[in-house]
Amino acid sequence: MDLTDEQQKAYDRFIKARDKVGLVRTAGYMKRSWIRLADVTSTVDIAGMNHPVFEVNDDWIEYKEASLAWWAIEPEIRKAERMSAIRGDYGVSDSWEEGCARARDTFSIIQKEDV
């Protein structure tokens with residue numbers, strides 16, 4: 001796939017941030033430290049303050065910003081080729097249609113025997 005320089009930079013930033021937070025298992029996944037998938041890493045209660053102090057999770061925020069930047073300039077062909085449940089790309093496994101019942105209930109079996 002041919003990407004412009006701007007798209008390539010955004011994509012590289014996105015992949016680097018995605019791998020850093022550990023959303024995908026890649027080479028060296030087990031060697032990296034665990035990163036919480038939230039905007040805040042922890043809460044600190046300081047004596048004398050009436051509210052807690054939050055520690056910002058810079059790695060997760062970087063991932064969110066990088067992903068939004070990439071998705072904003074992502075090539076249209078990637079969007080068209082991406083599978084979608086709305087288009088029915090996943091077949092019957094993702095269908096919301098209710099199938100007919102295959103098991104017969106006891107009442108209908110008894111009714112047929114009485115006749």
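1. Asp 19 and Arg 18 are both buried, where buried means under 20% relative accessible area, exposed over 50% and partly exposed in between, with a 1.4 Å probe and protein chains only. Asp 19, at 16% relative accessibility, lies in helix 1, and its salt bridge with Arg 18 has the closest N and O atoms 3.0 Å apart; a salt bridge here is a side-chain nitrogen of Lys or Arg within 4 Å of a carboxyl oxygen of Asp or Glu. Leaving aside neighbours within four places in sequence, Asp 19 is in contact with Thr 26 and Arg 32, contact being heavy atoms within 4.5 Å.

2. Please keep in mind that this is a predicted model, in which local features need pLDDT of at least 70 and side-chain atom pairs count only at pLDDT 80 or more, while totals for chains, interfaces and linings use all residues. Residues are numbered from 1 along each chain as its sequence is written, and side-chain values use heavy atoms, with hydrogens and water left out.

3. The salt-bridge rule gives a count of six. Among them, Lys 20 and Asp 59 meet at 3.2 Å, N to O; Lys 20 lies in helix 1 and Asp 59 in helix 2, so this pair ties together parts that are 39 residues apart in sequence. Helices (H or I, at least four residues) and strands (E, at least two) are DSSP runs, numbered from the N terminus. Lys 20 is partly exposed at 45% relative accessible area, as is Asp 59 at 26%.

4. Salt bridges that share partners join Arg 13, Glu 62 and Glu 65 into one network. Within this group, the side chains of Arg 13 and Glu 65 meet at 3.9 Å, N to O, and the pair links helix 1 to helix 2 across 52 residues.

5. The largest nonpolar core has 10 residues, including Phe 14, Ile 35, Trp 60 and Trp 70; such a core is a set of buried Ala, Val, Leu, Ile, Met, Phe, Trp, Tyr and Cys residues joined through side-chain atoms within 4.5 Å. Helix 1 (5-21) and helix 2 (58-73) are the elements that give two or more residues to this core, and the largest share, five residues, comes from helix 1.

6. Leu 23 sits in the loop between helix 1 and strand 1 (40-44) and is partly exposed, with a relative accessible area of 38%. Not counting residues up to four places away in sequence, Leu 23 touches Arg 18, Leu 37, Trp 60 and Tyr 63.
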